[in-house]
There are 2 protein chains.
Amino acid sequence: MSKEITSREQDYSQWYNDLVLKGGLADYSAVRGCMVIKPYGYALWENMRDQLDRMFKDTGHVNAYFPLFVPRSFLEKEEGHAEGFAKECAVVTHYRLKNDPDNKGKLMVDPDSKLEEELVIRPTSEAIIWNAYRDWINSYRDLPLLINQWANVVRWEMRTRLFLRTAEFLWQEGHTAHATAEEAVEETVKMLNVYAEFVENYMAVPVIKGVKTPNERFAGALDTYCIEALMQDGKALQAGTSHFLGQNFAKAFDVKYLNKDNKQEYVWATSWGVSTRLIGALIMAHSDDQGLVMPPKLAPVQVVIVPIYKGQDQKMLIDSKVLGIVDELKKAGIRVKYDDSDNARPGWKFAEHELKGVPVRLAIGARDLEQNVIEVARRDTKEKATVSLDGITGHVKQLLEDIQTNLFERAKAYRDTHITPVDSWEEFKEVLNTKGGFVSAHWDGSGETEDKIKEETKATIRCIPLDAVEEEGKCIFTGKPSKQRVLFAQAY
Amino acid sequence: MSKEITSREQDYSQWYNDLVLKGGLADYSAVRGCMVIKPYGYALWENMRDQLDRMFKDTGHVNAYFPLFVPRSFLEKEEGHAEGFAKECAVVTHYRLKNDPDNKGKLMVDPDSKLEEELVIRPTSEAIIWNAYRDWINSYRDLPLLINQWANVVRWEMRTRLFLRTAEFLWQEGHTAHATAEEAVEETVKMLNVYAEFVENYMAVPVIKGVKTPNERFAGALDTYCIEALMQDGKALQAGTSHFLGQNFAKAFDVKYLNKDNKQEYVWATSWGVSTRLIGALIMAHSDDQGLVMPPKLAPVQVVIVPIYKGQDQKMLIDSKVLGIVDELKKAGIRVKYDDSDNARPGWKFAEHELKGVPVRLAIGARDLEQNVIEVARRDTKEKATVSLDGITGHVKQLLEDIQTNLFERAKAYRDTHITPVDSWEEFKEVLNTKGGFVSAHWDGSGETEDKIKEETKATIRCIPLDAVEEEGKCIFTGKPSKQRVLFAQAY
């Protein structure tokens with residue numbers, strides 16, 4: 001009858017793929033590493049995007065759109081940046097196909113259309129944007145420049161996973177320019193907080209705010225701030241990053257401004273981004289073996305109503321009542337769907353909406369109608385209750401809030417019990433192998449040690465938490481002195 | 001003081017570029033043929049996109065997202081389609097750059113990263129989407145499939161113009177699948193009407209609905225419907241197209257469905273799109289020698305308020321009044337900006353907002369405050385009036401509606417006087433050379449004649465109007481019999 005979902009215990013990775021594919025969020029495409037975001041998945045992304053966009057605008061940012069193509073020579077200008085992105089990018093070398101003379105009906109690259117300089121599909125837009133900023137910024141009056149872009153980007157990843165790591169993905173990238181380092185750092189942290197607020201309050205996923213170690217920094221950044229979330233299999237997922245770029249890009253692209261003392265100075269920069277990868281985080285944080293579990297604030301459909309009837313007479317009676325309820329719920333700003341299609345039986349519909357993670361399901365039959373009640377089922381706890389039709393809108397509204405809170409609390413409880421402080425290398429390995437999650441441990445501060453730990457355990461330093469307390473200790477691996485604990489985990 | 005705008009009479013084409021560049025809508029980029037859409041231009045596009053999106057959703061469509069890349073072999077599958085798009089496309093041939101061993105600090109294409117099959121950046125997405133639809137459509141229950149995509153596309157145009165024709169542009173593309181030809185044609189016409197309603201009621205640009213001749217059809221379509229607008233220089237501009245694709249793509253990608261009689265049939269298709277080109281149409285339809293003129297319904301800023309004061313005491317008095325007005329206007333759903341920056345004098349601000357086409361400007365000084373009045377200037381007619389502060393919100397609201405109506409009526413009056421019926425070849429050429437606009441003339445129905453007329457006059461058949469009346473006549477060029485008039489014009 002319904003679509004089979006692999007259980008988490010059986011095969012966590014397959015469980016995830018089942019949810020994405022059978023839940024109708026996305027599909028594989030014929031293009032290597034690229035996915036199709038299906039209507040249900042895209043509706044979720046629209047809700048996420050619109051909320052983030054409001055938050056960006058509320059913090060003074062405006063949107064713009066820059067070219068898809070980055071000339072090769074632009075990528076070269078910031079050395080660290082080039083190092084980080086040149087090895088995984090789609091390169092446009094020609095601008096025309098022609099009929100293949102040896103193969104009727106086939107096309108071939110027209111060798112006469114070779115570009116003088118290759119174009120890279122943007123893996124991120126620092127280079128193309130900072131080249132534009134040179135013309136846009138002249139004086140301190142032009143600063144700060146607070147611009148965001150919603151766009152597709154391409155990184156030629158070798159191992160891809162739906163939403164989590166795809167060759168092409170959708171994202172937003174903020175690129176700001178400031179007169180001083182302090183202002184730029186302030187912006188970097190401000191946007192990190194915007195991300196944390198969004199992920200916690202809308203996606204209902206708790207995050208840890210921190211700073212990346214130099215090894216894990218964005219290519220071209222002086223500092224990378226991040227929010228890290230924990231998935232149900234004990235692996236961490238980087239949910240968003242905000243970079244303090246110093247004057248690296250200003251120097252690479254010669255972006256100066258005239259300060260109040262009439263002196264030319266290089267501009268200070270930040271960039272920050274989140275992507276469709278967040279959808280992967282949302283799925284893995286809340287869903288269960290029956291399917292997706294959508295946080296109410298972002299759910300494409302918050303409430304579904306299923307009529308249970310025999311014959312058209314009953315159907316009409318139910319319709320007349322339900323259409324009023326639909327109307328009332330809509331007026332209350334609730335995204336509701338009346339699933340009265342003839343194609344499927346109620347049981348099939350229940351399973352389908354459960355699979356799709358609709359937070360609240362209402363079911364109503366002829367007898368319910370007589371008794372002026374309706375069955376209310378919540379997706380998160382699977383509790384059912386029969387409630388009066390009077391005041392159903394208020395009841396549903398409260399329930400959506402409760403579910404939102406419950407999802408966050410549940411994820412937070414899991415996360416909090418999965419931050420394990422350890423003080424020995426044995427313990428470190430054991431926790432990673434058995435319990436998973438974040439391991440809070442001392443580290444000597446060297447990239448070399450970090451690499452070795454990664455080699456032996458696949459765990460990386462997810463971040464140095466912003467709220468880390470100074471504490472004398474010894475590096476878990478080398479025994480060298482350390483002043484604070486950092487968070488290790490295996491990660492997506 | 002303010003930015004100089006070339007007048008239309010002096011150089012229409014330069015006037016247009018001045019508006020785009022100095023009005024802050026867009027900028028040239030370092031990438032050939034690509035533009036940067038600046039924040040003010042992007043805010044306009046957001047308003048257009050959001051309204052169109054609402055209209056698409058109201059007509060039952062949902063959004064999705066498909067890959068940027070089209071494998072070469074997919075493009076080959078529909079012959080006419082390949083013919084139309086293969087010659088102007090960006091081709092990805094490699095997926096990696098590497099350090100150039102002969103040139104320190106430089107990158108080069110890594111020859112080891114050559115793709116087995118080249119990928120074309122989508123010039124339009126029929127091929128990639130219909131390849132996905134094969135898996136999505138099985139039975140008549142899956143139809144109709146009504147999907148839209150907001151995306152960037154690339155067509156390697158040799159001559160580009162800001163917004164009107166750029167190598168990369170933003171657009172939406174609807175791709176629908178239907179059980180019958182009738183339904184597909186109905187959808188094609190429905191979306192044409194949605195476009196016409198949007199362009200007329202929101203952009204305030206009158207359009208003629210029609211059908212393209214075979215010469216001007218979309219590559220791969222059986223019929224292309226279009227809306228055609230007229231610019232102030234007498235040139236036509238195709239503002240949107242809606243294509244009936246028949247079963248061409250279904251056959252090319254083998255997309256069949258099981259009908260109610262349990263038989264396999266090919267699906268019927270439509271596609272339809274509008275792009276950032278509409279911004280060019282909006283600019284050229286309404287603007288004047290002082291700058292842009294924005295239709296109120298889409299203007300990023302509908303009302304700007306400029307304080308006129310000497311000293312901070314006056315400023316504070318004005319502030320206290322204006323902030324209340326701003327609040328009231330916002331509550332009425334009006335996009336208002338209080339331009340109280342210290343950086344510029346009122347005269348400069350007036351010119352700047354005029355250049356940017358803000359529909360309504362309010363100016364208020366200390367004496368106005370005493371008299372409880374405010375100066376109201378409308379951008380379209382440049383009329384000024386002093387009105388009471390009591391009821392200013394209602395006044396502004398009404399004024400915005402009046403301006404919206406006036407812009408449409410003004411453009412329509414111009415358009416209507418620029419549809420000239422002619423019955424001789426001499427007259428045809430003279431009208432095109434002197435008056436411009438649409439020329440309504442008989443045509444013998446042959447593509448050859450169409451080509452010759454184009455060669456001699458640069459005029460093309462913009463469309464066969466949907467409301468064309470059957471009428472015996474003789475082709476303007478060949479004298480052969482004809483049954484209806486078609487609309488010729490030189491076009492963007």
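**Entry 1: burial and overall build**

I began with burial in chain A: 48% of its 492 residues count as buried. I note here that the model is predicted. Next I looked up the secondary structure and found 14 helices and 27 strands in chain A. For extent, I took the box around the C-alpha atoms of chain A, which is roughly 80 × 70 × 55 Å along the principal axes. Of the chain A contacts between residues at least 6 apart in sequence, 67% join residues at least 24 apart.

**Entry 2: domains**

I looked up how chain A is divided. Domain 1 covers 12-70 + 125-286, domain 2 covers 303-397, and domain 3 covers 419-489. I took the centres of domains 1 and 2 of chain A over C-alpha atoms and found them 39 Å apart.

**Entry 3: the two copies**

I laid chain A on chain B. The RMSD is 0.0 Å, with a turn of 180° and a shift of 0.0 Å along the axis. I therefore noted the relation as that of a two-fold axis. I searched chain A for the C-alpha nearest this axis; it belongs to A:Val92, at 2.1 Å. I compared the contact residues too. 100% of those in chain A recur in chain B, and the same surface serves both copies.

**Entry 4: the nonpolar core**

I asked which residues have the most contacts inside the largest nonpolar core. They are A:Ala229, B:Cys89 and B:Ala229, in a core of 307 residues. I followed up B:Ala229, leaving aside its neighbours within four places in sequence. Among its contacts I listed B:Val199, B:Val205, B:Pro206, B:Val207, B:Ala281 and B:Ala285. B:Ala236, B:Leu237 and B:Ala239 are also on the list.

**Entry 5: helix α13 of chain A**

I picked α13, residues 425-434 of chain A, and looked for its buried residues: A:Phe428, A:Val431 and A:Leu432. Down the axis of α13(A) they fall within an arc of 95°, so they line one face of the helix. I recalled the background: an α-helix has 3.6 residues a turn, so residues three or four places apart point the same way. I turned to the face of α13(A) away from the buried side and found the exposed residues A:Glu426, A:Asn433 and A:Thr434. What covers the buried side? I found that the cover includes β22 (419-421), β23 (438-442) and α14 (447-457) of chain A. Just after α13(A), I noted A:Gly436 with a positive phi of about 75°.

I checked omega and found a cis peptide bond between A:Leu143 and A:Pro144, at about -10°. I placed A:Pro144 in the loop between α5 (126-136) and β9 (145-154) of chain A. In chain B, a cis bond joins B:Leu143 and B:Pro144, with omega about -5°. B:Pro144 sits in the loop between α5 (126-136) and β9 (145-154) of chain B.

I then checked phi. A:Lys382 is not a glycine, yet its phi is positive, near 65°. It lies in the loop between β20 (373-378) and β21 (384-388) of chain A. Is A:Lys382 buried or exposed? I counted 10 C-beta neighbours inside 10 Å, so A:Lys382 counts as exposed. B:Lys382 also has a positive phi, about 65°. With 10 C-beta neighbours inside 10 Å, B:Lys382 counts as exposed.

Conventions
Residues numbered from 1 in each chain as written. Chains lettered and ligands numbered in written order. Predicted model: local features only at pLDDT ≥ 70, side-chain atom pairs only at ≥ 80, totals over all residues. Helix = DSSP H or I, 4+ residues; strand = E, 2+ residues; numbered from the N terminus. Buried ≥ 20, exposed ≤ 12 C-beta atoms within 10 Å, placed from the backbone. Contact = placed C-beta atoms within 7 Å. Least-squares fit on C-alpha atoms with pLDDT ≥ 70 in both. Arc of directions from axis to C-beta. Domains from an automatic or database assignment. Core = buried A, V, L, I, M, F, W, Y, C linked by C-beta atoms within 7 Å.
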